[in-house]
Structure formats: structure tokens, C-alpha cells
Amino acid sequence: MTGIDPKSSLPESPEEASETGTLAARISLKQRGGGIVVPALTAVVAFLMGGLVVLATGHNPLLAYHDIFDGAGLNWVFHPTTNLASTAAYNLSQTLLQTTTLILCGLAVAFAFRCGMFNIGGQGQYFVGIIVANWLGVSFASMSPLPHILLCVVAATVAGALWAGIAGFLKATVGAHEVISTIMLNWIAIWVAEWLFGDGGPLQNSSNPSVPVSNDIADSAKLPVFWGQQELQGLHVGLFVALGALVVFYLLLNRTTLGYEVRAVGFNPDAAAYGGINVRKNLIRAMAISGAFAGLAGALDMLGYLYHEGQNDIPVSSVGFLGIAVALLGRNTAVGTGLAALLFGALLFGTTHGLNSTVIQPELAGNLTYIIQGLIVLFVGADVLILYLWNSRRKLRRSRPPLPAREPA
Amino acid sequence: MAAENVLEMRGIRKEFPGVIANDDVNLEVRRGEVHALLGENGAGKSTLMNILYGLYKPDAGQILLDGKPSAFGSAREAIQAGIGMVHQHFMLIPVMTVAENIVLGVEPRDHLLLDERGAERRVRDLSERFNLAVDPTALVRDITVGQQQRVEILKALYRGADVLILDEPTAVLTPQEAGELFEIVGSLKESGKSIIFISHKLNEVLEIADRITVLRRGRTIETVPREGATEESLARAMVGREVLLRVEKGPANPGDVLLAVENLHVRDDRDLEKVRGVSFEVRAGEIVGIAGVDGNGQTELIDAITGLRVPEDGTITVAGKEVDRTGAREMLDLGVGHIPEDRQRRGLVLEFSIAENIALHDYADAPNAKWGWLYPRRMVERAGRLIKDFDVRGGGPLTRAGGLSGGNQQKVVVAREIARNPKVLIAAQPTRGLDVGAIEYLHRRIVEERDKGRAVLLISLELDEILSLSDRILVLFEGEVVGEHTGAVSEQEIGLEMLGASDRTAA
């Protein structure tokens with residue numbers, strides 16, 4: 001007996017982690033709580049309830065989902081072909097077009113989340129990207145393609161970053177809550193776009209002053225289409241940019257000192273400050289990076305297939321908001337965001353396209369996506385409930401109390 | 001007093017996946033006694049009480065209440081049977097009044113409405129009967145932690161509790177509030193209530209309990225009367241070996257001044273001046289202890305010295321270099337190590353791995369990173385070495401810090417701070433919430449750092465800790481240093497100064 005032998009001290013039970021912090025930090029924390037199970041379950045429950053809505057309108061939900069599945073081109077995997085004469089192939093290319101945008105809008109929300117902030121401003125940041133890409137894409141028509149595209153993409157991305165950076169700056173300096181300021185910035189961006197593209201606006205088209213639509217961007221600014229034809233809204237190379245963004249997101253967060261700081265601030269700003277990290281700088285920077293993703297989304301849409309923006313299209317768009325559901329369902333991870341973007345891309349295209357009224361109520365068709373989106377956001381917010389359901393299921397099976405399995409220290 | 005058992009728990013066993021939390025545990029509580037349940041963190045105290053309170057179902061064993069076999073399927077059933085529990089973390093609604101909180105769920109009604117007057121009256125009656133002073137009309141968010149605890153006790157009494165479980169009740173209290181709590185416990189005992197007092201603090205158990213049951217590794221070790229028990233004997237029963245309750249240290253060998261604070265003024269978040277003109281020096285190779293009741297400026301003083309709060313006035317000099325514009329980063333670079341008073345809020349990112357936490361100050365420096373690119377493998381390697389050196393148990397470098405026990409979390413913090421080879425080490429409440437074994441370890445480590453020639457500033461609310469570790473003691477009261485002691489000094493003397501009494505009465 002030496003008298004001093006810490007090795008003989010006892011196994012101790014872990015202290016409960018205090019779950020204090022901002023709403024976003026708490027959500028982000030919970031997001032890590034149950035692995036893949038919770039998001040999968042969340043989606044399943046949302047689809048089930050969406051099915052109930054279909055049922056309530058007197059249609060068979062299984063048939064409806066089957067048709068949405070086919071309409072999204074997901075049946076392509078059963079008979080893959082690159083020939084766009086195949087309906088499945090065409091549908092898939094359109095689904096992937098939506099997925100491209102949603103990946104980036106999802107990352108715009110996810111990155112801020114990882115720094116403990118809730119970026120609701122994806123929509124506004126996306127429009128800032130649209131505006132800048134359209135303006136630069138229409139101007140400089142004499143440039144050669146590569147520099148022209150790069151100019152548009154970089155400028156739109158930076159513009160999105162600056163726009164979101166305003167919210168980060170306000171939070172860091174005067175403590176304005178980012179949820180409020182990003183919502184306000186959304187409206188500013190949307191109304192500025194309405195004015196720019198509307199009657200007599202500076203970016204309205206030059207050929208027909210009675211139509212509130214912008215000019216088409218120059219051919220030199222259009223992104224190459226690799227599946228389908230440019231005139232028929234084919235799939236552009238922006239998809240690979242979005243996939244690359246997923247990789248960048250992952251590496252930035254997990255393999256750089258910048259990402260270390262972002263995560264430390266997101267989990268525990270007090271500990272981050274104690275560690276010598278400049279919390280304010282990180283809030284601004286993380287918001288800006290978030291906005292960059294959304295700005296990039298706007299640029300790719302403009303250069304990839306929209307080519308112009310109509311005033312009437314502005315209030316209809318909601319990709320920025322869908323990004324919230326994508327990030328939440330994807331648990332703010334790169335892989336999760338990619339998968340969730342594919343799911344929502346498929347829903348978005350599958351429910352708005354070619355569904356026949358014997359299968360689904362026509363008024364319901366496009367709105368089903370938004371119902372499911374809403375349910376998913378709701379359930380992710382209430383994932384305690386989902387975990388509870390999951391645990392009681394396990395309890396039934398093993399007749400054991402739903403206690404977290406704690407390893408002995 | 002008749003030795004009648006109001007409660008017996010016999011042969012209780014409870015197993016969780018991978019852990020046997022309770023194994024043949026026996027507990028007998030007599031009517032009108034204060035029965036302490038003593039054990040280290042993880043010894044099975046909370047599991048046993050949760051079984052009694054109906055939150056867990058035992059795998060084996062029997063509960064006898066007033067001699068009758070009872071089993072509670074839920075807390076509601078336990079409450080109905082006369083068992084009340086005051087948890088360590090209060091379950092009160094801050095925006096409601098004291099009375100509303102107490103009657104919540106069993107409200108007296110005036111037809112369909114809450115009979116507010118009736119509720120207040122009953123609460124007042126109850127608080128007079130048991131000597132628990134608290135204003136029934138006050139909002140819970142406006143009252144002190146000690147008063148909130150009284151509300152919790154009243155809540156249990158209101159529901160007819162006969163056996164009252166207090167789960168580590170002094171952990172959240174100041175020494176004064178703890179004293180008041182002990183008086184309350186005394187008067188509850190007078191009126192025939194039985195109290196189960198869960199603790200791992202030896203001195204308070206010896207002060208308040210009639211009998212003491214010691215648990216270790218999920219088993220009952222012994223039940224002893226207070227008479228004849230000593231801190232040493234209880235510690236031995238708790239830990240299972242001899243424990244050094246006294247810190248062994250040689251005389252200090254002070255060298256150069258490494259930390260000098262002069263005329264420091266610091267304001268808190270509410271803009272109140274919490275540090276008012278403090279000056280002191282800490283030399284290499286000595287431990288300077290700062291004693292004081294919580295809230296007398298300790299937090300603000302530490303924050304200023306570590307660069308987490310900008311002082312209003314005054315100078316801080318580290319190793320001869322005067323720091324004019326402080327920031328946490330600058331202080332770290334000057335060689336100030338800091339074991340923060342709240343390891344979970346400030347010392348660790350609980351969701352980070354141990355390796356990431358160990359790199360919290362130098363994640364951006366070689367070898368952890370180069371050109372902004374992280375090398376996680378190097379972090380892991382270093383963490384692996386420190387885990388071994390500091391005997392962190394319960395996981396490897398990739399384990400989430402939040403999954404460790406309190407003692408091991410603190411070891412991670414200490415490992416990180418000491419491994420940086422700081423010139424000045426600031427240890428704020430380094431052993432708060434830890435059990436005997438971990439405290440022993442940390443005290444030894446702090447003395448070792450002193451002997452290596454570091455300047456150690458120790459801030460603690462535990463007077464024992466200050467007295468046993470410090471070479472020099474400063475007493476902080478209302479933001480001013482009101483006493484300084486080297487050599488032998490009595491606890492009473494410092495205690496009086498901590499309350500601000502010395503200056504005024506001595507004059």
C-alpha cells in the first residue's frame with residue numbers, strides 16, 4: 001500500500017452534460033444524439049403523415065408515392081441509361097438539377113449551425129447570388145467563357161458571403177440575434193430583386209419593357225451541360241461543384257484550424273474564449289462562409305439553367321428555406337446534407353411533374369413536398385419525441401428500461 | 001428514541017448494461033434520524049435513491065416502508081407513500097411564485113380556478129411549522145439558490161413526505177447557506193421526519209448525520225453511528241484504502257515574482273464593481289490561496305488575470321512583463337495556465353474528444369497544425385501520452401470529454417494546463433465536485449507544480465483546501481483583500497475575515 005494510488009479509485013458515472021446555450025447550439029447538439037436512426041425515422045414518420053394527407057383526399061398513398069418516385073426519375077436505377085429519350089433518365093436529370101441547389105442551400109444552413117447559429121437567411125443570400133450572377137453574366141458578353149464564368153461565380157459567392165456577413169457582424173458587435181437579422185435581410189434581398197428585375201428596374205430586359213424579366217446571360221457565362229441539352233434545361237456541371245462543396249465543407253470543418261474554431265464556438269463559446277479563440281471573429285466568419293454557399297447556389301442556378309430571372313419567379317422560390325430542412329435532416333454533416341438534398345430534390349421535382357389526378361389530388365401535388373418539409377422540421381425540433389418512440393420500441397422488444405447505455409469509467 | 005425502522009431496503013440489486021450499479025445493498029433508516037448515505041461518485045448512491053423514489057425498478061431485493069413490503073412503479077406512487085426527494089438540480093419554474101411552485105400538480109382549487117390565497121396560506125403555515133423561511137409570493141427566479149432549495153423541501157413536505165431524500169444538497173450552497181440547511185434538517189428531524197442525506201463530503205456527514213451508511217462499488221460496506229466515526233475511518237471505507245486527507249508538502253521556496261497584480265478594479269456583466277483595488281504578488285515556488293465566500297470578486301479577479309475580462313483599472317504583470325491590453329490569447333502566450341472554476345462550462349468542450357480538448361489552446365500551433373491544416377493524428381498521439389501520464393480513466397483520446405466522470409474531466413483539464421509548462425498556474429476551485437481519491441491526486445499534483453518553481457494562485461471556496469495547500473493566504477471580501485496570512489492561522493480567524501468582520505470589530 002503506497003498511500004497514493006489513484007488507479008484504485010472507483011468507476012464513476014459520467015456527469016450529465018449541461019445543455020445550455022443558444023437554440024441553434026442545442027439543436028446542433030441534439031442533432032448528434034442518435035446517429036443515423038433519428039433522421040431516417042424522422043423522414044419515415046413525415047412520409048407516413050404525408051401519406052395520411054393523401055389518404056384524406058381519397059387517394060391511395062402507396063400509388064401516390066410510387067408515382068412520385070417514378071416522377072423523380074428514381075426508377076432510373078432499375079434500368080440505367082444516359083439516353084434522355086428515356087423518361088426516367090430525363091426525370092432524374094431534373095431531380096439532380098434541384099439537388100444541386102439544395103446541397104448548397106443546405107450547407108449554407110449547416111455551416112452556421114455548426115458555429116451555433118441558425119441561418120434562416122439562405123433565401124436572401126441565394127437571391128444576392130442570383131442578382132450578381134445575372135448582372136455580371138449579362139454584362140461582359142465579350143469575355144471568353146472560362147474567365148466569364150469564374151468572374152460570375154466568384155462575385156456571386158462573395159456577395160452571398162458579404163450579405164450573410166452583415167448578420168454575423170451584427171451578432172458579434174451588438175448582439176442582434178441572427179434569426180431576426182437574417183429574416184430581415186431576406187426581405188431586403190427579395191424586394192431589391194423585385195425592383196431590379198421589375199418594370200423599369202436596372203436589370204430588366206432591354207428588348208421588351210412590358211415584361212418584368214431580366215436579360216438572358218451571355219452564352220459565354222453559361223455553364224456547360226453534360227446531360228441533356230442546354231435549351232431543354234439539361235443537367236449542368238454545377239452538380240460537380242455542389243458535390244465538391246460537400247467535400248470542402250467536410251474538410252473545412254474537420255481538418256482545418258478554422259473548422260476547429262467554428263466547432264468549438266458552436267459547442268461552447270465560453271470554453272472557446274477560454275481556449276484563446278476569438279469568438280466574435282468566428283461568428284462573422286462562419287456566417288460569411290454560410291452565405292458563400294447560398295450565393296454559390298444562386299450563381300450556379302443562374303449560369304446553369306435559369307439564365308434569367310423574372311420578377312414573378314421571386315416570391316415563388318423557396319430553395320433557401322428548403323435548405324433548412326435539408327440541413328436539419330442531414331444533421332449538419334456533409335454526407336447527411338447530400339442525401340437529404342437528393343431526397344428533397346426528388347420530392348420537389350417528383351411532386352410537381354407529371355402526376356395524374358387519379359393518383360393524387362392535383363392541388364395537393366406540389367404542396368406535398370412542403371407538407372413533408374414542414375413535418376421534418378417539426379420532428380427534428382421534436383426529436384426527443386422520435387427518440388422516445390424509438391426507445392419504447394426497443395423497450396418492447398427487449399423489455400429493458402430505455403436507459404442510455406453508460407460505459408463504466 | 002425507539003429504534004423503529006421507517007424504511008428498510010434489503011438486498012437491492014440493479015444492473016445496467018455493463019455495470020452493476022447496486023449489488024445486495026442494504027439500508028435501514030430509523031424514524032426521526034438523519035441517515036447519511038456516503039460514497040464516491042458512481043458508488044451507487046443515486047441508483048439506490050432512484051429505486052426508492054420509483055424511478056428505477058430493482059432487479060432484486062425488497063423495500064419495506066413502515067414494515068410493509070412496498071414497490072413503487074413511479075415517483076407518483078413513492079410520493080403517495082410519503083417519500084420526498086430534493087434533487088441536486090432543482091425542478092422549479094422560475095417565472096412562477098414560490099407558492100405556485102409548491103402546490104403545482106396538487107393545487108387547492110376554488111371551483112375551477114387556482115385558489116391563490118389558499119395556496120399561499122398553506123405554504124406559509126408549512127414554512128412556519130418547519131422553520132423554513134421563504135416568501136410564498138416571491139418569484140422563484142428572484143430568490144437565492146439556498147431559498148430555492150427550501151422551496152424544493154417545502155414541495156416535498158407539502159406532498160406529505162415522511163422520508164426526505166436530499167441528494168448532495170450542499171453542492172450548490174455557500175458555506176452560510178449550508179449552515180442554514182443543517183439547521184433546517186435539524187428541525188425536520190425534531191418533528192419526526194426521517195432524512196436520507198446523500199453526500200461525499202466527510203466533514204458535513206460527521207456534522208449532521210446520526211448514522212452513516214457507506215457504499216462502495218455498488219455494495220454496502222458498513223452502517224456506523226456518528227459517534228466513533230472519523231474522517232479517516234469513513235474515507236477508508238469509501239475508497240477502500242488509506243487516504244491521505246492531509247496534504248504532504250515541504251516548506252515553500254519562493255523565488256522571483258511571476259505574477260503581480262496592482263490596484264486592480266474589475267466590473268462584472270451587470271457593471272457592478274466586483275474587484276476593488278486588489279494588489280498582490282505570487283512568487284515562483286509558492287502557493288498563494290485566496291479565501292472568500294462565493295461572489296466576493298473571485299470570478300472577476302480570475303477572469304481579469306486570465307484575459308477573459310478587461311479590467312477597468314490597474315496593472316497585471318506576468319514574469320516581469322506588464323500586460324496592458326489583455327486577451328485570453330495573450331495571457332496564454334505569456335505562460336498563464338488556468339484550471340477554470342467551472343470545467344464543464346469553460347474548461348472543456350464536452351462534445352469534443354479528449355484529444356481535441358487537450359489541444360484547446362494550441363490547436364493552431366505545430367505539431368497540431370500547419371498552415372491552418374489540422375493533423376488530428378498528432379493530437380491523438382499527444383493526448384494518448386497525457387492520458388497515461390495523468391491517469392485519465394474512462395476512455396481514450398477519441399472519447400467524448402462529456403462521457404467522462406467529473407474527476408477524469410478535471411484530470412483532462414489539469415493535464416492540458418500543466419503540460420503547457422505555465423509560469424503561473426491559476427487553479428480555481430480545482431476539486432469542486434470531486435471525490436476523495438481525485439482530490440488527493442489533484443492536491444498532490446498542485447504541490448508538485450509548486451515545487452517545480454511555478455507560481456500557483458489557488459482560489460477556493462473550501463477553507464480546508466486553502467488552509468492545507470497554501471503557503472500564503474489572502475482573504476477576499478467584497479472585492480478587497482482584507483487579510484493576509486503566512487504560517488499558522490486558525491480557521492475561525494479567516495472565517496471571520498471572510499465575513500468582513502475582522503476590520504470592523506478589531507478597530
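How are H14(B) and H15(B) oriented to each other, roughly parallel or roughly perpendicular? I opened the notebook with this question, keeping in mind that the model is predicted.

**Entry: helix pairs in chain B**

I looked up the axes of helix H14 (residues 406-419) of chain B and helix H15 (residues 436-451) of chain B, and found that they come within 11 Å and cross at roughly 10°. Because angles under 35 degrees count as roughly parallel, H14(B) and H15(B) are roughly parallel to each other. On the H14(B) side I noted B:Gly407, B:Gln410, B:Val414 and B:Ile418 as the residues making the contact, and on the H15(B) side B:Ala438, B:Leu442, B:Arg445 and B:Glu449.

I then turned to helix H4 (residues 116-129) of chain B and helix H5 (residues 145-158) of chain B, whose axes come within 10 Å and cross at roughly 105°. Since the range from 65 to 115 degrees counts as roughly perpendicular, I recorded H4(B) and H5(B) as roughly perpendicular to each other. Here B:Val123, B:Leu126 and B:Ser127 of H4(B) meet B:Leu154, B:Leu157 and B:Tyr158 of H5(B).

**Entry: domains of chain B**

For chain B I took down the domain assignment, which gives domain 1 as 5-239, domain 2 as 248-335 + 422-507 and domain 3 as 344-421. Taken over C-alpha atoms, the centres of domain 1 of chain B and domain 3 of chain B are separated by 37 Å.

**Entry: strands of chain B**

I followed strand S1 (residues 5-16) of chain B and found that it pairs with strand S2 (residues 19-30) of chain B in the antiparallel sense, over eight bridges; in this pairing B:Phe16 stands opposite B:Val19 of S2(B). S1(B) also pairs in the antiparallel sense with strand S4 (residues 60-65) of chain B, over five bridges, and there I noted B:Arg10 opposite B:Gln62 of S4(B).

Among the contacts in chain A with a separation of 6 or more, 74% are accounted for by residues 24 or more positions apart.

Which residues of the largest nonpolar core touch the most other members? I found A:Leu104 and B:Leu457 in that position, in a core of 266 residues. Helix H11 (residues 279-306) of chain A contributes the largest share of this core, 17 residues. With neighbours within four places in sequence left aside, I listed the contacts of A:Leu104 as A:Ala242, A:Ala245, A:Phe293, A:Ala294, A:Leu296 and A:Ala297.

**Entry: backbone details**

I checked A:Asn332, a residue other than glycine with a positive phi near 60°, and placed it in the loop between helix H12 (319-329) and helix H13 (334-350) of chain A. Is A:Asn332 buried or exposed? It has 25 C-beta neighbours inside 10 Å and so counts as buried, the cut-off being 20 or more.

B:Glu168, likewise not a glycine, has a positive phi of about 40° and lies in the loop between strand S9 (163-167) and helix H6 (175-190) of chain B. With 19 C-beta neighbours inside 10 Å, B:Glu168 counts as partly exposed.

Lastly I looked up the peptide bond joining B:Ala366 and B:Pro367, which is cis, with omega about 0°. I located B:Pro367 in the loop between helix H12 (354-358) and strand S19 (369-370) of chain B.

Technical notes:
Residues numbered from 1 in each chain as written. Chains lettered and ligands numbered in written order. Predicted model: local features only at pLDDT ≥ 70, side-chain atom pairs only at ≥ 80, totals over all residues. Domains from an automatic or database assignment. Core = buried A, V, L, I, M, F, W, Y, C linked by C-beta atoms within 7 Å. Buried ≥ 20, exposed ≤ 12 C-beta atoms within 10 Å, placed from the backbone. Helix = DSSP H or I, 4+ residues; strand = E, 2+ residues; numbered from the N terminus. Contact = placed C-beta atoms within 7 Å. Pairing = 2+ DSSP bridges. Axes fitted to C-alpha atoms, helices over the stretch in contact; angles between N-to-C directions. Parallel < 35°, antiparallel > 145°, perpendicular 65-115°, else oblique.
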